[in-house]
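Take a look at the protein below. A short report on its fold follows.

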Amino acid sequence: MSHISEMDDDLCPEYDFTQLTIVDRGNERHRSKRIVFCDFDGTITVAETFVAMISRFAPEVSALVLPEIYAKRVTLRQGVRQMLESIPSSSYSEIVKFARTQPIRAGFVEFLDFLKTEQIPIIIVSGGLHCMVEAVLTPYIDRIQAIYAIDLDTSLPYLQVNSRYESGTEMVAKAEIMASYDADETIAIGDSITDWNMALAASLVFARPPLTDYLDEHQKPYTPWNDFIDIRDDLIQSDAK
Ligand SMILES: [Mg+2]
């Protein structure tokens, strides 16, 4: 992905998140190795930034394809690729700039501080763009163990999608990423249907609507939350028991 580094060096430093090892828990007070798997769009960010971006940079194609995805006539994997690959590569830096303006949900920094103190790794799993996730999370990157999202190749006239985690109908298969980690306790945090498979497989789920609706429907237990302070306090309380 040298193209990204060339285009925006300060945003994409020379690291490969996927190669970072997970920090082992050294604190014997804890019984098990916990890992947090957290969605990005509509979870860390207040708004659904991917849909906002695609509607802005691919207005005509997204107006046709988004309703097809919502109606499940087109898979996320097909539809997201079709929309992204209709955007000229020259829009890349504007997309990154757009991402930088997206507000983060309250308590996220305090939550990261808590995870660092407790030596609990946090992995970001996003069905959106890697460059948008990085644009928002750059100030906190030293406290995040890995980011999984869609990479873009900008070397051709139109963006080319490069997702290493495609599977079935999904562009980024979150549950498969989660399963690739060795954890005693997996904590999933999310807000939408794209977090569904991950939530089903997780030991503990923190969900916001509309993910809560799907979980209710399938009677999968979860903890509702409004901001990241709620999650932090819930984890502190459950530890104290
Ligand atoms: Mg989301």
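What share of the contacts in the protein with a separation of 6 or more comes from residues 24 or more positions apart? The share is 59%. Two residues are in contact if their C-beta atoms, placed from the backbone, lie within 7 Å.

This is a predicted model: local features need pLDDT of at least 70, side-chain atom pairs count only at pLDDT 80 or more, and totals for chains, interfaces and linings use all residues. Residues are numbered from 1 along each chain as its sequence is written.

**Overview**

Helices (H or I, at least four residues) and strands (E, at least two) are DSSP runs, numbered from the N terminus.

| Item | Value |
|---|---|
| Helices in the protein | 11 helices |
| Strands in the protein | 7 strands |

Of the 241 residues, 37% are buried. Buried means that 20 or more other C-beta atoms lie within 10 Å of the residue's own, with C-beta atoms placed from the backbone.

**The core**

A nonpolar core is a set of buried Ala, Val, Leu, Ile, Met, Phe, Trp, Tyr and Cys residues joined through C-beta atoms within 7 Å. The largest one has 61 residues, and Val 36, Phe 37 and Met 132 touch the most other members. Helix H7 (residues 130-137) gives the largest share of this core, 6 residues. Leaving aside neighbours within four places in sequence, Phe 37 has contacts that include Ile 123, Met 178 and Met 198.

**A helix pair**

The axes of helix H3 (residues 59-70) and helix H4 (residues 76-84) come within 10 Å and cross at roughly 175°. Therefore H3 is roughly antiparallel to H4, a term for angles over 145 degrees. Axes are lines fitted to C-alpha atoms, for helices over the stretch in contact, and angles run from 0 to 180 degrees between N-to-C directions.

Methods. A residue is buried if 20 or more other C-beta atoms lie within 10 Å of its own, exposed if 12 or fewer, and partly exposed in between; C-beta atoms are placed from the backbone. Angles under 35 degrees count as roughly parallel, over 145 as roughly antiparallel, 65 to 115 as roughly perpendicular and the rest as oblique.
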